[in-house]
Amino acid sequence: MSETILRYVPADPYWQPSPEVADTAVSLLETIAAEADEVTAGFEDEVRFYDPGENWSGVECSACGADAEEWWGDAMDTAAADGFKDLNIQAPCCGGTVSLNDLRYIWPAAFGRFALEARNPEIADTTEEQDRKIAECVGIPLRKIWVNV
Ligand SMILES: [Zn+2]
(Lines give C-alpha, C1' and ligand atoms only; values in the text may rest on other atoms or scores of the structure.)
Protein backbone atom coordinates (compact mmCIF):
# COMPACT_ATOMS: atom_id res chain seq x y z
CA MET A 1 0.00 0.00 0.00
CA SER A 2 1.34 3.39 -0.86
CA GLU A 3 2.01 5.87 1.89
CA THR A 4 2.40 9.61 1.97
CA ILE A 5 4.81 11.27 4.37
CA LEU A 6 5.04 14.96 5.13
CA ARG A 7 8.63 15.54 6.23
CA TYR A 8 10.54 18.56 7.50
CA VAL A 9 14.35 18.57 7.46
CA PRO A 10 16.59 21.41 8.80
CA ALA A 11 18.16 23.53 6.05
CA ASP A 12 21.51 22.97 7.79
CA PRO A 13 22.12 19.25 7.22
CA TYR A 14 24.32 18.82 10.31
CA TRP A 15 22.01 20.56 12.75
CA GLN A 16 19.83 18.83 15.35
CA PRO A 17 17.33 20.28 17.83
CA SER A 18 17.30 19.22 21.47
CA PRO A 19 15.00 16.27 22.28
CA GLU A 20 12.71 18.65 24.18
CA VAL A 21 12.35 20.93 21.16
CA ALA A 22 11.71 17.89 18.96
CA ASP A 23 8.90 16.78 21.30
CA THR A 24 7.32 20.22 21.12
CA ALA A 25 7.58 20.19 17.32
CA VAL A 26 5.90 16.75 17.22
CA SER A 27 3.01 18.12 19.31
CA LEU A 28 2.67 21.10 16.98
CA LEU A 29 2.67 18.95 13.84
CA GLU A 30 0.07 16.68 15.48
CA THR A 31 -2.29 19.65 15.69
CA ILE A 32 -1.66 20.54 12.02
CA ALA A 33 -1.94 16.96 10.73
CA ALA A 34 -4.50 15.70 13.22
CA GLU A 35 -5.54 12.77 11.01
CA ALA A 36 -2.01 11.45 10.54
CA ASP A 37 -1.33 7.81 11.42
CA GLU A 38 1.77 8.87 13.30
CA VAL A 39 3.91 11.96 13.89
CA THR A 40 7.52 11.35 14.79
CA ALA A 41 10.87 13.06 15.19
CA GLY A 42 13.86 11.07 13.99
CA PHE A 43 17.49 11.67 14.92
CA GLU A 44 20.41 10.23 12.95
CA ASP A 45 24.06 9.93 13.99
CA GLU A 46 25.27 10.56 10.47
CA VAL A 47 23.90 12.78 7.73
CA ARG A 48 21.57 10.91 5.41
CA PHE A 49 19.68 11.75 2.25
CA TYR A 50 15.94 12.20 2.61
CA ASP A 51 14.60 11.44 -0.86
CA PRO A 52 11.02 12.06 -1.95
CA GLY A 53 10.41 8.42 -2.91
CA GLU A 54 8.20 8.07 -5.97
CA ASN A 55 7.96 11.85 -6.25
CA TRP A 56 11.62 11.97 -7.38
CA SER A 57 11.65 14.18 -10.48
CA GLY A 58 15.35 14.55 -11.26
CA VAL A 59 18.16 16.85 -10.27
CA GLU A 60 20.01 19.71 -11.94
CA CYS A 61 23.42 21.30 -11.30
CA SER A 62 23.07 24.40 -9.14
CA ALA A 63 26.05 26.05 -10.84
CA CYS A 64 25.19 25.69 -14.53
CA GLY A 65 21.66 24.26 -14.60
CA ALA A 66 22.62 21.12 -16.57
CA ASP A 67 20.79 17.88 -15.95
CA ALA A 68 22.83 16.27 -13.15
CA GLU A 69 21.13 12.91 -13.00
CA GLU A 70 23.91 11.24 -15.02
CA TRP A 71 26.66 11.97 -12.47
CA TRP A 72 24.58 12.43 -9.34
CA GLY A 73 24.49 8.73 -8.44
CA ASP A 74 28.29 8.40 -8.51
CA ALA A 75 28.71 11.63 -6.53
CA MET A 76 26.25 10.29 -3.95
CA ASP A 77 28.15 7.00 -3.67
CA THR A 78 31.44 8.84 -3.13
CA ALA A 79 30.00 11.18 -0.49
CA ALA A 80 28.10 8.35 1.22
CA ALA A 81 31.30 6.32 1.59
CA ASP A 82 32.51 9.06 3.92
CA GLY A 83 29.20 9.28 5.80
CA PHE A 84 28.27 12.51 3.97
CA LYS A 85 30.75 14.42 6.16
CA ASP A 86 31.54 16.58 3.14
CA LEU A 87 28.70 17.43 0.78
CA ASN A 88 30.79 19.64 -1.51
CA ILE A 89 31.69 18.14 -4.84
CA GLN A 90 33.12 19.28 -8.15
CA ALA A 91 30.32 19.08 -10.70
CA PRO A 92 31.48 17.07 -13.75
CA CYS A 93 29.24 19.13 -16.07
CA CYS A 94 30.88 22.52 -15.48
CA GLY A 95 33.64 22.00 -12.91
CA GLY A 96 31.89 24.22 -10.39
CA THR A 97 32.06 23.45 -6.67
CA VAL A 98 28.56 22.68 -5.49
CA SER A 99 26.99 21.19 -2.38
CA LEU A 100 24.96 18.05 -2.95
CA ASN A 101 22.43 19.63 -0.58
CA ASP A 102 22.04 22.69 -2.80
CA LEU A 103 21.58 20.98 -6.16
CA ARG A 104 18.23 21.73 -7.79
CA TYR A 105 16.13 18.78 -6.76
CA ILE A 106 13.12 19.23 -9.02
CA TRP A 107 10.95 17.68 -6.31
CA PRO A 108 12.31 18.79 -2.93
CA ALA A 109 14.81 16.51 -1.18
CA ALA A 110 17.31 17.21 1.58
CA PHE A 111 20.27 16.01 3.55
CA GLY A 112 20.02 16.00 7.30
CA ARG A 113 20.45 14.38 10.69
CA PHE A 114 16.95 15.16 11.86
CA ALA A 115 13.48 14.80 10.38
CA LEU A 116 10.07 15.68 11.68
CA GLU A 117 7.41 13.71 9.90
CA ALA A 118 3.73 12.92 9.68
CA ARG A 119 2.74 9.59 8.13
CA ASN A 120 -0.39 9.73 5.95
CA PRO A 121 -1.37 13.21 7.14
CA GLU A 122 -4.57 13.25 5.06
CA ILE A 123 -4.09 16.90 4.15
CA ALA A 124 -3.44 18.32 0.68
CA ASP A 125 -0.69 20.59 1.93
CA THR A 126 0.28 22.80 4.82
CA THR A 127 -0.01 26.59 4.65
CA GLU A 128 3.00 28.92 4.66
CA GLU A 129 1.87 30.08 8.08
CA GLN A 130 1.96 26.51 9.41
CA ASP A 131 5.38 25.92 7.85
CA ARG A 132 6.64 29.11 9.47
CA LYS A 133 5.31 28.08 12.89
CA ILE A 134 7.01 24.71 12.69
CA ALA A 135 10.31 26.32 11.66
CA GLU A 136 10.03 28.77 14.56
CA CYS A 137 9.33 25.90 16.92
CA VAL A 138 12.31 23.86 15.71
CA GLY A 139 14.45 27.00 15.65
CA ILE A 140 15.92 26.82 12.14
CA PRO A 141 14.66 27.14 8.54
CA LEU A 142 13.27 23.83 7.31
CA ARG A 143 12.82 22.15 3.97
CA LYS A 144 9.47 20.51 3.41
CA ILE A 145 9.39 17.26 1.49
CA TRP A 146 6.28 15.42 0.40
CA VAL A 147 7.26 11.77 0.09
CA ASN A 148 5.38 8.98 -1.64
CA VAL A 149 6.53 5.45 -0.91
ZN1 LIG B 1 27.23 22.20 -13.72
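A salt bridge is a side-chain nitrogen of Lys or Arg within 4 Å of a carboxyl oxygen of Asp or Glu. The model is predicted: local features need pLDDT of at least 70, side-chain atom pairs count only at pLDDT 80 or more, and totals for chains, interfaces and linings use all residues. Residues are numbered from 1 along each chain as its sequence is written, and side-chain values use heavy atoms, with hydrogens and water left out.

**Salt bridges**

- Side chains of opposite charge can pair when their charged atoms come close.
- The structure holds 11 salt bridges.
- One of them joins the side chains of Asp37 and Arg119 (3.9 Å, N to O).
- This pair links distant parts of the chain, 82 residues apart: Asp37 is in the loop between helix H1 (19-32) and S2, and Arg119 is in strand S7 (residues 110-119). Helices (H or I, at least four residues) and strands (E, at least two) are DSSP runs, numbered from the N terminus.
- Asp37 is partly exposed at 48% relative accessibility, and Arg119 is partly exposed at 28%. Buried means under 20% relative accessible area, exposed over 50%, and partly exposed in between (1.4 Å probe, protein chains only).
- Glu3, Asp37, Glu38 and Arg119 are linked in a network of salt bridges.
- Asp102 and Arg143 also meet through their side chains in a salt bridge (3.3 Å, N to O).
- Because Asp102 lies in the loop between strand S5 (97-99) and strand S6 (104-105) and Arg143 in strand S8 (residues 142-148), the pair ties together parts that are 41 residues apart in sequence.
- A further salt bridge is formed by the side chains of Asp131 and Lys144 (3.0 Å, N to O).
- Asp131 lies in helix H3 (residues 128-138) and Lys144 in strand S8, so this pair ties together parts that are 13 residues apart in sequence.

**Aromatic pairs**

- Rings of Phe, Tyr and Trp (its six-membered ring) pair if their centres lie within 6.5 Å; planes under 30 degrees apart count as stacked, over 60 as edge-to-face and the rest as tilted.
- By this rule, the count comes to eight aromatic pairs.
- Among them is the tilted pair of Trp56 and Tyr105, at 6.0 Å centre to centre and 55 degrees between the planes.
- Trp56 is in the loop between S2 and strand S3 (59-60) and Tyr105 is in strand S6, 49 residues apart.
- Trp56 is partly exposed, with a relative accessible area of 25%, whereas Tyr105 is buried at 9% relative accessibility.
- Phe49, Trp56, Trp72, Phe84, Tyr105 and Phe111 form one aromatic cluster.
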